[in-house]
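Open the model in your viewer and keep the selection tool at hand. This tour says what to pick next and what is there.

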Amino acid sequence: MIPVDSPAQQAEQRATPLDDFRPRSRARAAKNALATATFAATVVVLAVPLALVLWSVVERGAHVALERFPAFFTHEIPIVSRRSGPGMGPAILGTLLVTGGATLISVPLGILGAVYLNEYGSASRFARLVRFMAMVMTGVPSIVMGLFVYMVWTIRFGFSAFGGALALACLMLPVVIGSTEQMLKLVPETLREAAYALGATKSRVVVSVVLRAALPGTVSGSLLAVARAAGETAPLLFAVGASSSYNSDFLQGANTALPMQIFGNATSVFVGAQDRAWGAALTLVLLAFLVTLAARLFTARFATSGSR
Amino acid sequence: MNESLLFFGALAALAIFLSCDKKQDSTSGAVQNKAAESTLLTGGKVTLNGSGSSFQTPFQQAAIEAFQQSHPNITLNYAGGGSGRGRQQLADEVVDFAGTDAAYHAEDLAKVKGGTILYFPLLLGPITISYNLQGVPGLRLSPDTIAKIFQREIKKWNGPAIVADNPGVKLPATDIVVARRADGSGTTENFSNYLVAAAPGTWKLKSGATIEWPHDTMAGPGNGGVAQIVKSTSGAVGYVDLSDAKAAGLTFAAVKNSTGAYVQPTAESASVAGDGIEVQPNLVFSAINASGAASYPITYQTWVIVYAKQTDPTKGAAIKGYLKYLLTDGQKLLPGLDYAPLPQGLDGKALAQLDEIQR
Amino acid sequence: MTILDERPRRANEAFRWLSVGSATIVLLLLGLIAVVMTAGAVPVFRHMGLQFFVSRRWSVAGDVYGALPFMWGTLYTSIIALAISVPVSLGVALFITQVAAPWMKRPLVYLVDLLAVVPSVVFGLWGILMVAPYLGRSFLTTGLILAMMITPIITSLSREVIETTPSSEMEAAYALGATRWEMICGSIWPHSKGGLVGAVMLGLGRAMGETIAAALTIGSAIGQITLDPLKPGNSMPAVIANQWGEAYDLQKSALVALAVVLFGITVLVNLIATAIVQRSITRTRGK
């Protein structure tokens, strides 16, 4: 409710000239100022912990990440965990394998699924069901995915980077479908009609016209899903196993990844292991940051019809 | 209509896939080198995966590092995770070998999938009662006091039982924070076995790899996780193996043994405890609450467990080679890690048991 | 003429089947997850019955499994997280949309996004090594870390909802001489409160499902049901992550049952929240 000034305040207003629009009573002005100050304070409250976290990651991680550069990124993880010193190479490779594999599985599937939902199915019952289920899947906790992949894959085929990629793909798929469908919706109908008018088949229209128009937004949405997947730990715990040496075999053999190394070393009492965790955290944050930045650049440079 | 058809077709395919049985043996080594026993050093690459006891993790790590240098074609991964995990993963044939500080319980033996399990003892070591208390460098604790602390019957460091064990020491009124294991732990099992044996009237929580701890106790994964809680929390107390406690710079208490003497946890006092153990034919034994005036009462032991029947000859040869190393040259690594070596005769019996591994 | 027609038509059909197949996989996957998880949970329900939901004990040796302390831990840490995060998120959203000068908006949005980019395991690492020495491994520490993780979600959704307030209503308030705060109370709040509730619920869903940060900072206590935020506790996802590796059959089933309960609750919360947010946004955009 807009407060109405009291008779005394109204009298005060009549007595003063009306050529500025400042609020009249001091109480209301004070409340307003307090509110504004509170909002500004919340921004600070948000920024301070973020700064603290980033500062810790950089301060504690940079030391081991830069020690005998580029040892941290190429050397194997020290087998004796109480030893200090760099080496997270296998974890970096593992993250690339697992995240890359998940992307290769989920992005094409997700794009095709979104194509179905927007171009073929639209309002059919099946499409509505799929859309609903995809939305449900975005809310599945990552630990549930991890258990699922263990019960369906790991006990049959053992630990592998592929198992981890499967688990992450399950997490990424609904996100890719959702964001791609949004992008497809934004492509103007006139574009499609023009293509049909030129005699193209539906698949031609979708691939050459619609997808191309929606490409920047789709890429951006997928990159954001990749950035989130790169940082996931729980799905990998039961699918990937543990290894301190390089394993480039995607399909077989235990592997490791940056989030798993951070999780494992976070509970270690040895400073060397903790430092490696910070270094891995620094690497992971940089990786996620770069991927997100790439996603934003895509949206900014190539966005045509409709932004957010 | 088309969509539903596809859906059910895919469902049928999935059902067939899921009814497929567990994984077959699949290693790159097996494919390349089936007849490869004698080519342990020069044969194709072999990877052995192990998990389990965090007590033996420092030893495993040092041994793997040394062994891989002389056998570059063999890769070993030891993941730790607690004796419970090791036993479970070996039972499920998820790993090739496991570390455990306690034998399989009868009810879990039925779940072992691959036949007979062989126990290869490796070393002995003390469980320290590590604590974080400023200005109190030399704490002494009797079994009943330890039981009461970990049961949360004593909640402050200047509780009467602790004062009674430490005459003349100024103890602060700090709250005690109990740190224990979150995972299924052989260290927990041996520690609780000790309390059952040494403080039978006081200790109520029985024994096992996991026990029903009181509500407000903090838990960490592995010996290292408990050590981390103790190190970073003022007033904390926890049970940590000596190797990890010393490497982490923790302070630990002298514990009263069965003869009434307060003994510091060291490799020597653990060795004394190992002198009088009774070893079963399958090389299972317990060093807990051993007799002897100089023996540390909470000394325990650990094994590597493997299946007697190895399905993959190359892996079987690699396992034999690694175990042989652990029992011979590997034992030289023990003093540097604050472990006590196996008592005389036991390593000989373990080496002889190697022949029981068939491939 | 017919040959020229064949190739594009086959490609057309193939593409269509490909896209249908992908959509089917989504359904299959979710169905499979539901079936596999529920089947895995059956043994412990047969063993414990409804006691599973009310028992406080969790004993592997005694074959007793009770989910109550873990459900409490999940609930309590989420409430603490919301209590910290909701005021901050709303304040930031209002600042960005109402107070900030135009040149400030983009950097502020990036600031919030930066918080979202940091992976949860890094928050957990920071929590256990930098926060826990002071606040202990407790409900409070976990709630704090969770708050940091859900703030970006609530903030960006709230921003979206607030921005759907018709400018006519906002300008009308100003025209009547309202201060900014009065305008927010009078125009924005009545219009947005539904959507804001939805945004908060989505944050709640995320907080409840968070595994790794909770596993590191909550203390892994057993049977802890208390209002004291400084005591160690446990939560459903954390106990699953910590105990899965060594669990045999009945314990495994109990952990799967916890996952099923968690799955059910978070999906329910997310569905309600999404429905509320969608309704609030489309109502005014008139789509």
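Helices here are DSSP runs of H or I with at least four residues, strands are E runs of at least two, and both are numbered from the N terminus. Chain A as a whole averages a pLDDT of 88, and 94% of its residues score at least 70.

Before going on, some ground rules. This is a predicted model, in which local features need pLDDT of at least 70, side-chain atom pairs count only at pLDDT 80 or more, and totals for chains, interfaces and linings use all residues. Residues are numbered from 1 along each chain as its sequence is written, while chains are lettered from A and ligands numbered from 1 in the order in which they are written.

**Chain A, whole view**

Show chain A as a cartoon. There are 12 helices and zero strands. The radius of gyration, taken over C-alpha atoms, is 26 Å for chain A, well over the 19 Å that the globule rule gives for 308 residues, so chain A is more spread out than a compact globule. That rule is 2.2 Å times the number of residues to the power 0.38.

**A helix crossing**

Select residues 125–138 and 161–186 of chain A, which are helices α5 and α7. Their axes come within 8 Å and cross at roughly 125°. Axes are lines fitted to C-alpha atoms, for helices over the stretch in contact, and angles run from 0 to 180 degrees between N-to-C directions. That makes α5(A) oblique to α7(A). Angles under 35 degrees count as roughly parallel, over 145 as roughly antiparallel, 65 to 115 as roughly perpendicular and the rest as oblique.

Which residues make the contact? From α5(A) come Ala134(A), Met137(A) and Thr138(A); from α7(A) come Pro174(A), Val175(A), Ile177(A) and Gly178(A). Two residues are in contact if their C-beta atoms, placed from the backbone, lie within 7 Å.

**A cis bond**

Now zoom to Pro70(A). The peptide bond from Phe69(A) to Pro70(A) is cis, with omega near 0°. Pro70(A) sits in the loop between α2 (26–66) and α3 (71–74) of chain A.

**Where chain C meets its partners**

Next, bring in chain B. Here 25 residues of chain C are in contact with 28 residues of chain B. α1 (2–48) and α5 (120–135) of chain C each supply at least two residues of the side that touches chain B. α1(C) gives the most to that side, with six residues.

Stay on chain C and pick Asp63(C). Asp63(C) has a positive phi of about 55° although it is not a glycine. Look for it in the loop between β1 (58–59) and β2 (64–65) of chain C.

**Last stop: chain B**

Colour chain B by confidence. The mean pLDDT of chain B is 88, and 88% of its residues reach 70 or more. Select residues 20–38 of chain B: pLDDT stays under 50 there. Where pLDDT is low, the predicted coordinates should not be read in detail.

Definitions and conventions:
pLDDT = per-residue confidence, 0-100.
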